[in-house]
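The following note is intended for a colleague who is opening this entry for the first time. Please read the numbered points with the structure in view.

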Amino acid sequence: MAEVNMEQLLNCALCPNMCRCDCPVLQALAQEKVAPAAKARFAAMHMHDHLSLSEEIIEALANCLGCRGCTVLCPFPELNLCDELLNSRLKEHQLITLPSWEPYLANLKKYGSPYGQKPPHVHKTGKGAEVIYFAGCTTLANRPQSLAAVENIFQQAKVSYQLMDEDCCGYPAETWGNPDLAYKLATENYRKFKESGAKTLVTGCPECWLTFSSRYPEWNLELPLEIIPAPTFFLKLLEEHLLQPKVTNLSTVSYHDPCIWARTAGIMEEPRSILNRIPNLTVIEPLASKDHTHCCGGGRMFQLSFPKTAESIAVTRLQEFPAQSAIVTSCPFCLEGLTTKERKVIDLAELLAEACS
Amino acid sequence: MQNLPQTIIQESLVDQEIIDAYAQKAKLIVGEENISNNPADLIANSRDYWPVNNIWMIAGSVPALPQLVVWPETTEEVVELLKLANSFKIPVTPYGEGSGTLGGAIPIRGGLSFDLKRMNRILQIDDDNLITHVECGLNGALYETSLNQAGFTGGHFPQSLRCSSVGGWLACRAAGQFSTRYGKIEDITVSLEAVLPDGTILNGRSVPRTATGPRLDQLMLGSEGVLGIITKATLRIWPLPEKRQMVSYTFDNLEVALQCIRQIMRSGARPAVVRLYDPQETGNHFPALGDQRSALILLIEGAEKLVAAETELIRELARATDAVDSGSEHVEHWLEKRFDISVASMLFQKGAVLDTIEVTTNWHNAYRVYLAMQKALNAVEGTMLASGHYSHVYPDGAALYMTTVGFPGEDKLIFYKKIWQAAMEACLAEGAAISHHHGIGLHRGLWMAEEHGAGLNILRRVKKAFDPEGIMNPGKLGLEENSIWQK
């Protein structure tokens with residue numbers, strides 16, 4: 001269990017919050033209780049045993065997308081409020097959840113996915129291959145064509161890869177207040193990764209990447225593989241001329257930076273570089289891009305935890321894209337959140353696979 | 001552990017049956033989802049950025065709790081909600097972004113916190129007339145960003161830009177860092193709309209000026225929620241400046257530097273930013289300049305030819321003194337750091353009490369007021385720093401912004417009251433006005449009688465006329481003699 005950094009948490013709690021306008025949840029709900037400093041104050045008072053974790057306070061603390069938008073102009077370089085809020089909720093390492101989240105926890109327990117029974121197409125292939133691809137439960141449940149596109153890319157580039165019977169990476173269980181379940185799921189994945197014999201783990205889900213990279217080591221589950229975000233891996237294949245993208249039927253696109261890829265992993269140039277290698281494709285930046293990106297509303301499982309808020313944030317984000325652009329992104333939550341009847345949102349892997357077909 | 005924390009200055013609460021009856025009717029106006037007695041909402045809306053709130057927060061307490069939070073979205077909803085509150089005689093405390101530094105948003109008599117954040121739209125950007133119509137719950141930075149995207153600036157940049165609302169600026173008569181060119185909020189405001197407790201909508205005409213009797217809407221500027229709720233405003237805007245020029249100087253003597261600024265203002269030049277730091281603040285903000293001289297930074301912007309002429313004029317006037325040209329990099333540094341107040345959180349955690357006290361006076365005693373306030377603050381046992389800078393300059397004077405840091409060996413609250421008492425006494429003794437732009441709130445109300453003299457009773461009569469039941473933001477602006485908060 002990660003410790004709460006009280007000095008940093010208090011820096012936020014004592015601040016008037018110059019980051020208010022960068023918090024998508026505050027802008028969507030317009031309620032003071034979800035302002036970053038208000039949440040920091042709840043957490044600080046709870047950590048000092050001055051405030052009990054009632055359902056109302058849990059809900060306020062959980063109203064954080066984990067998007068780190070509040071860090072963009074934060075004057076405290078070591079402060080990561082999103083993590084401190086989560087860690088403060090879990091400080092007693094016990095089940096602290098809300099009734100509305102219990103069905104998802106039940107699914108995680110039973111199926112290893114918050115969405116319930118995993119689709120049957122997930123199978124082990126290429127046993128012993130060097131690369132293992134981890135799609136993540138949101139892609140498996142909502143966007144199977146994205147996994148198909150990744151397989152297509154790997155096959156075109158002649159990458160020796162394998163898939164595995166994935167369990168959820170674990171972070172949704174933490175988000176919903178069950179750290180023990182999170183750990184259990186993580187140990188399952190850890191065992192499977194070790195048994196796979198793979199040397200490289202590629203993942204298309206930023207939340208899974210973050211959990212494997214930072215949470216697993218905190219749980220003493222240091223993975224014996226190199227963990228590579230999918231956009232980075234795709235670019236490497238392009239740079240090695242293992243893929244030859246051709247013209248697609250798209251002319252203008254704007255890339256939506258998923259917040260974890262951009263602000264935590266620093267993956268900003270890679271997707272643009274991929275797009276720029278597709279002939280006759282013009283890339284236009286949206287209003288907030290790269291590490292100043294705005295969250296789609298899907299961080300930390302908001303599409304399940306707080307669906308109305310997630311939708312409202314997505315609507316706001318969509319307004320920041322040029323009307324003539326198709327939106328491209330590289331995160332299953334962003335794809336889910338930003339896709340509307342009116343707006344075309346394309347997975348980077350799907351676009352690349354199409355261009356290379 | 002508690003579901004609701006202890007309150008420190010809760011003067012009273014409204015009977016729960018009355019609150020419940022109000023809630024039942026209010027739900028029909030704004031919908032169930034826009035009214036709350038959720039403890040998280042009550043705690044969040046219990047405070048603003050008054051430093052005393054942080055002293056209490058660390059001890060696990062809040063100043064005072066509202067009993068309900070309501071979130072109206074339209075003027076019509078504000079009308080109905082306020083009329084209802086008035087009929088039940090329930091206290092109403094307006095709430096914007098909570099950046100006030102003097103406790104103005106604390107609901108000392110419980111009742112309702114009117115959170116205006118849902119009223120956050122820019123209704124129109126009028127290019128022809130260079131004005132904008134805006135709702136008052138809008139965050140300041142989001143307002144400015146939207147204007148920038150359309151090719152304009154609102155010209156108003158308080159240090160709280162990112163954590164304050166348009167309504168908050170109007171309610172406390174705010175001033176921004178670029179105010180010498182663009183004016184203070186009262187100069188930027190063309191007109192405003194406000195709702196009085198009986199539901200009357202007070203609406204000013206959105207024309208450049210009127211001579212049709214006193215402007216009642218202007219009475220709302222600085223009213224801090226005690227007369228009604230400001231709901232919309234028509235504000236002046238400017239095309240984004242074509243050119244920006246930055247210059248800075250250091251002076252051997254703060255008083256000579258003040259004279260230099262006075263000459264600049266007499267010349268007719270109107271740089272957007274004029275800031276003069278005493279040697280201590282020069283050392284703190286611009287370490288490369290050392291802590292022996294006073295730094296003056298200026299930022300001139302607008303049409304290129306005007307900027308060139310103004311810059312040349314300013315340079316000429318500076319050359320006539322012993323000023324040393326320090327280039328533009330210190331102004332750039334200030335621009336980059338101007339919203340960074342992280343030192344306040346860090347010093348607080350080290351046991352310090354820190355506050356800023358801004359006053360204003362004419363040129364003839366601008367330096368004397370600084371000396372007097374600095375001496376008074378330094379005389380309080382525990383004070384480690386009492387420094388100042390001048391900003392928001394005028395042809396007839398300037399604002400003086402004192403910063404004080406102390407490490408009290410005693411109770412932090414007692415020390416806090418002592419430094420304020422010392423500062424306010426010194427300010428008043430020198431004939432300066434007790435606030436330039438932070439306003440009065442709860443705390444500075446303690447010196448409103450000395451500030452206004454007989455005027456305070458006139459203000460009380462105005463309050464009575466607007467708010468006969470006395471429901472609006474009780475205890476603020478120093479209008480009540482027997483407040484729970486005393487010196």
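1. A residue is called buried here if 20 or more other C-beta atoms lie within 10 Å of its own, and exposed if 12 or fewer do. The model is predicted. In chain A, buried residues make up 54% of the 357 residues.

2. The overall form of chain A can be stated in a few values. Its C-alpha atoms fill a box of roughly 60 × 45 × 35 Å along the principal axes. A compact globule of 357 residues would have a radius of gyration near 21 Å, and the 20 Å of chain A agrees with this.

3. The secondary structure of chain A consists of 18 helices and 8 strands. Among the contacts in chain A with a separation of 6 or more, 75% are between residues 24 or more positions apart.

4. How many residues of chain B are in contact with chain A? There are 36 of them, and they meet 30 residues of chain A. On the side of chain B that touches chain A, at least two residues each come from helix 2 (39-44), helix 3 (51-58), helix 5 (140-149) and helix 14 (342-349) of chain B. Helix 14 of chain B provides the largest share, 5 residues. By class, this side of chain B has 15 nonpolar, 14 polar and 7 charged residues.

5. Lys89(B) is found in the loop between helix 4 (75-88) and strand 5 (92-95) of chain B. Lys89(B) counts as partly exposed because 13 other C-beta atoms lie within 10 Å. Leaving aside residues up to four places away in sequence, Lys89(B) touches Glu469(B) and Ile471(B). Ser206(B) is 117 residues from Lys89(B) along the chain, and the C-alpha atoms of the two are separated by 33 Å.

Technical notes
Residues numbered from 1 in each chain as written. Chains lettered and ligands numbered in written order. Predicted model: local features only at pLDDT ≥ 70, side-chain atom pairs only at ≥ 80, totals over all residues. Helix = DSSP H or I, 4+ residues; strand = E, 2+ residues; numbered from the N terminus. Rg over C-alpha atoms; globule rule 2.2 N^0.38 Å. Contact = placed C-beta atoms within 7 Å. Nonpolar A, V, L, I, M, F, W, Y, C, P; charged D, E, K, R; others polar.
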